Amino acid sequence: MEVKNHRLVGDKVSFVQATKWNKTAEMKPDAIIIHYTAGASGAATVKLFSAASATTSAHMVVSEDGSVTQMVDFNRKAVHAGTSSYGGRSSYNNFSIGIEISNPGYLQKIDGKYYTWWEAKKEKKTATPESKVFVGKHRNSVTKMNYWYKYTDAQIQAVKEICIALCNAYPIKEILGHEEIAPGRKCDPGPAFPLDELRTEVLAKKNISINDLFAHAMEESAASALVLGKVTVKLNFRTEPSSNAALKSSPIPAGTFVYIVGEQGEWYNILREISGWIDKEFVEQDNSDSDYDGELLSDNAMLYSDEKKTKRLVSSLNKGVKFNILEQQENMFKIKAVVPGWASKKYITKQK
Ligand SMILES: [Zn+2]
């Protein structure tokens, strides 16, 4: 395989344009991010990424037989990484090439049998053959799953060849798993994929110039233009911009960073992040590579301080709220949700 005009050329390589990608900005890739699709087949993922309704994409999809479908040019930004950071850099969509390997992902063990996430939901489940089950702990301790769907040898070989071709064409300095740039939130490609071996084989010989690193650090600092505020005292968080309004949640601790999204009189409309535990039954899981892992299905869901539901954290979480899953237990998810509300301007200082 080799790269010509920002496209992969090779025997089992084709191109199908994805729907969702950044059509304006050019990208200078220096990182590769490895994913699994959490889907049933490579063909299904290609269809998903090229559908009119697509919300995510990747530069390539690697099918079970090792064939590769490129879907976004390598000098364009695809939508695969979501909220991400690693080694002092963030927003990996801006400089990374995303490789999606077709693989169902983690498996659930029920009555001694193994099921993909979608089969586990069905009444009449079809089990995964044991020959396809990989048993292994995840590199991130927050990820508790121990059973994973095996990758095919053809996929592992194809990913390696792609990475070598990309390293020959671009100044690639990192090959990372989605699980490493978004730990807890994402667990792909998981322990069934030999990521460390791939890195050692492909990257070990490459040298990175200090100039490349510096150029990137400059671009990154220019890109962040969000208004961040820091709370200076323990501060009430309310549903409306009034000191008579109901409290939205427990007070915001001093020192917390919040995003300022609006203001009215003496009040700021802010977004604060709250972590807590929620019943799984209220959650629709999102296995795509969007910024969030789940969505709230009901207005009745409560957020609790721990999995034993010791204390309620928020007066109301609305249906449709999207969040990241940090940890999971039998019936509960630990999630991080962004909750909007109002707080007094006096006690929030804007950060540069
Ligand atoms: Zn991913």
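At what angle do helix H3 and helix H5 pack, and how far apart are their axes? The angle is about 35 degrees, and the axes lie 10 Å apart. Keep in mind that this is a predicted model.

Let's stay with that helix pair for a moment. H3 passes H5 in a right-handed crossing. On the H3 side, the residues that meet H5 are Val159, Lys160, Cys163, Ile164 and Cys167. They face Leu198, Glu201, Val202 and Leu203 of H5. Sorted by class, this contact holds 7 nonpolar and 2 charged residues, with no polar ones.

Now for the sheet. Eight strands form an open sheet in the order E20-E21-E22-E23-E19-E18-E17-E24, and the pairing is antiparallel. The edges belong to E20 (283-285) and E24 (348-351); each has a single partner strand, so one side of each is left without a neighbour in the sheet. From one strand to the next, the twist averages 45 degrees. Inside the sheet, E22 and E23 pair in the antiparallel sense over 5 bridges, and Asn324 has Lys336 in E23 as its bridge partner.

| Element | Residues |
|---|---|
| Helix H3 | 153-169 |
| Helix H5 | 195-203 |
| Strand E22 | 322-328 |
| Strand E23 | 332-344 |

Zooming out, the chain has 6 helices and 24 strands. Its radius of gyration is 22 Å, close to the 20 Å that the globule rule gives for 352 residues, so the chain is as compact as a globular protein of that length. The C-alpha trace spans about 70 × 55 × 35 Å along its principal axes, and 45% of the 352 residues are buried.

Notes: Residues are numbered from 1 along each chain as its sequence is written. This is a predicted model: local features need pLDDT of at least 70, side-chain atom pairs count only at pLDDT 80 or more; totals for chains, interfaces and linings use all residues. Side-chain values use heavy atoms; hydrogens and water are left out. Two strands pair if DSSP finds at least two bridges between them. Helices (H or I, at least four residues) and strands (E, at least two) are DSSP runs, numbered from the N terminus. Axes are lines fitted to C-alpha atoms, for helices over the stretch in contact, and angles run from 0 to 180 degrees between N-to-C directions. A crossing is left-handed if the near helix is turned anticlockwise from the far one by less than a right angle, and right-handed if clockwise. Contact means heavy atoms within 4.5 Å. Ala, Val, Leu, Ile, Met, Phe, Trp, Tyr, Cys and Pro count as nonpolar, Asp, Glu, Lys and Arg as charged, and the others, Gly among them, as polar. The radius of gyration is taken over C-alpha atoms; the globule rule is 2.2 Å times the number of residues to the power 0.38. Buried means under 20% relative accessible area, exposed over 50%, partly exposed in between (1.4 Å probe, protein chains only).
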